[in-house]
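Here's a quick tour of one protein model, with an eye on its packing and its cross-links. Have the structure open as you read.

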Amino acid sequence: TRVTLTIPVMDDLIDELDETFKLTVTSSASGVAIGSPDVTTILIKDDDDEILVRFEPDVYLVKEGVNSFANISLKATPTPGGDFTVTVRSFNGMAILGSDYLGEEFNVTFSAGNNMASFLIPIVDDDIFEMMEDFNLELFIPNSSFAQGVRPGSPDTALVTIMDEANLLVSIELPNYMEKENIDTFEVKITASVPASFDYNVTVTTIQGTAFAGEDFVPRTYEVVFPAGSTMEIITIEIVDDNVIEDILEIFTLQLSTTDEFSNKGIQIGPNFMSEVTVMDNDVQVKFGQTEVRVNEEDFFAAITVIAMGDLSQDFSVIVMAMNGTAIEDLDFTGNMWEILFSSSPSSTSSSSFTIPIISDSIPEETELFGLKIVLADSIVNRTTVGEPSRTTVIIQDPSSDNATVMGDPLFIVPIPSAFVENVKFKPASICYEIHGKSDKYFNLISDQCTSVNAHFTAGINATYLNMMTEIGIVADGTDGDCHKIKIDRKDCVATLDGDIVTTNARIGGISVRNNARRKRFSIRLPNCEPAKGLVLWIDCRVRMGENMLEFVIAYGDGLSSTSHGLLAQFWNIPVTISPYNGTYAGIPVSAEDGIYKVKVEYPLSEPRIFIAEWSHLRWDNKRKPCLYGGDSMGGPIFEAPGYDSVIEGKATDYIVDDLFSTDFRFEQYDGICLDSTPIPDSA
């Protein structure tokens, strides 16, 4: 007889060795014998492999944004025959749980027959710009799954990198700024489109345009630090306030940039990376409307006009003072001081007129004149200057007399060596004076052993009463042993050297001529027998009162001898001493406290000469440098102060020469090569 037993075998997912168990036959009944074999071994053969779970893939790049998730995948090998669960845990890197992503632990279930499972990790979208941030994932096998034969495969870790989808753009807040000159400083905001999670720097640089570095603004490179979380930083731009009326808009530029270090971190310069700053002139300049006013005694009044230009947004007033000349207050005219009021105006130009009573008498007399000057009140001196003409002459003509006096605007500036300005509050200083000359005549400016400089004086085209310099001719001995000629012609603001036009720079025989077209200035250096020292002239082309003229002649250098002469050189590098003046000035008792000084010129070949001069903090060219103003229209005594000499030695007519390159006149000192040389053409 045969009996069959059924024994259940448990099927698991564990990959394990073959297993056995034994069955033994026993009987408790009597008379039953147990045969052989009474023991048998049952072999259970394992039909399972170990299940390995890994990340697939193990590197993830996800963009930060609205409804953004990292989709993480796991793979089981081989395909499981039953369900099981694994755990994935997150660990901070640069990305922080709660701030950059959500979820610390995730349970992932594999269903029977599926070898792939996935889950989502929410990515936090914030308003902060961040560099690439990452966090880590690690796989863990719960005990229940481990008992089923589930094991971690390789890789069992993954890296998730979060890329900020936003751009961080840094910009200058405004594309244009308009600031008044007198504000000293103003603020500029540098903005970031979003805050960053880290510190970074940008650079703002000032670049000059028509506004010049050092003259109109303080040049700087600003290192702007944005701390983490900041979206705006402020820099302070410094403006230089001057007292010069600008004839063009002054503009400079702010330029924004960053370094490769921060550019590589995602910091970008926005479209508004350059900004123009326009410096609006807040200065006011006042001047007379005419250089001279001609009246007949029988007109009874002289009409005087004062012009104001610039920022006229505030009320202000100036004083006009009379200065006796050959015409005397209360004998020839009435009054010595007038207050001129300018009301606020949106315009940049305004004028105000007043009248001066002229006294008519029955005495036949020569033409008489008196001067007028503008005086600034203390309250406006910081932003107001007196322009040219700063003085005007009232010429009173008797109907029975004739006067051919001609006025003009040739202006000279010569330095006074510092050694000769002892015990005086202003230092260094210059002498500023005018020589109006005569129409269509040539006058010598400088005459020295190796150099001679002449100027051609010409009547105005529109204002025929004006006399001005329109040409300057220079005869100079070169270090090459040759004679050279330089000509400056105001008609087209052109310089020639030995007949060739100088476009930028020209040099020959130790002589150099530089054409600064932007400033309309020629800078001329001459060896004058001493190349190591030399002599320098600045000659400016200008348009004043509608006339083209060579306005300024400014000289410096140590290369003039002590016996040099001419309208300009007789003051240069010779002993000049300054002392306080106490006496009558324009009919009023004054002293040095009023800015009036006595200037003593000790030219070695003549008697010492003393004249009276008035101190100003501005030179003819409106540079803020001290200058002593002296001389009337022909270099005579200032205000005809009694008992004092004229500014120049002799009379202006003593300096007349035959032509632009002639060296022969009363005080001639030139004795150089050009006296015996072949003539050189004076124009191209």
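## Packing and cross-links

Let's start with isoleucine 472, which touches Leu445, Val453, Asn454, Ala455, Ile486, Lys487, Ile488, Ile539, Leu550, Val553 and Leu660, leaving aside residues up to four places away in sequence. Keep in mind that this is a predicted model.

Now for the cross-links. How many disulfides does the structure hold? There are four, and if you count the bonded cysteines along the chain, they pair up as 1-7, 2-5, 3-8, 4-6.

| Disulfide | S to S distance | Torsion about the S-S bond |
|---|---|---|
| Cysteine 432 – cysteine 627 | 1.9 Å | about 95 degrees |
| Cysteine 483 – cysteine 674 | 1.9 Å | 105 degrees |
| Cysteine 493 – cysteine 541 | 2.2 Å | 95 degrees |

Take the pair of cysteine 432 and cysteine 627. The torsion about its S-S bond is about 95 degrees, so this disulfide is right-handed. The pair links distant parts of the chain, with cysteine 432 in strand β32 (residues 429–434) and cysteine 627 in strand β49 (residues 627–630), 195 residues apart. Cysteine 432 and cysteine 627 are both buried.

The link of cysteine 483 and cysteine 674 is right-handed too. As for burial, cysteine 483 is buried, and so is cysteine 674.

Then there's cysteine 493 with cysteine 541, again a right-handed link. Cysteine 493 lies in the loop between β36 and β37 (494–497) and cysteine 541 in strand β42 (residues 535–544), so the parts tied together are 48 residues apart in sequence. Is cysteine 493 buried or exposed? Its relative accessibility is 17%, so cysteine 493 counts as buried, given that the cut-off for buried is under 20%. Cysteine 541, at 1% relative accessibility, counts as buried as well.

Next, a look at phenylalanine 106, which lies in strand β7 (residues 105–110). With a relative accessible area of 12%, phenylalanine 106 is buried. What does phenylalanine 106 touch, not counting residues up to four places away in sequence? The list is Val86, Thr87, Val88, Phe119, Leu120 and Ile121. Phenylalanine 106 and leucine 139 are 33 residues apart in sequence, and their C-alpha atoms are 9.6 Å apart in space.

Finally, the surface. Why is isoleucine 7 called partly exposed? Its relative accessible area is 37%, and partly exposed covers what falls between under 20% for buried and over 50% for exposed.

Conventions: Residues are numbered from 1 along each chain as its sequence is written. This is a predicted model: local features need pLDDT of at least 70, side-chain atom pairs count only at pLDDT 80 or more; totals for chains, interfaces and linings use all residues. Side-chain values use heavy atoms; hydrogens and water are left out. Contact means heavy atoms within 4.5 Å. Buried means under 20% relative accessible area, exposed over 50%, partly exposed in between (1.4 Å probe, protein chains only). A disulfide is a pair of cysteine sulfur atoms within 2.5 Å. Helices (H or I, at least four residues) and strands (E, at least two) are DSSP runs, numbered from the N terminus.
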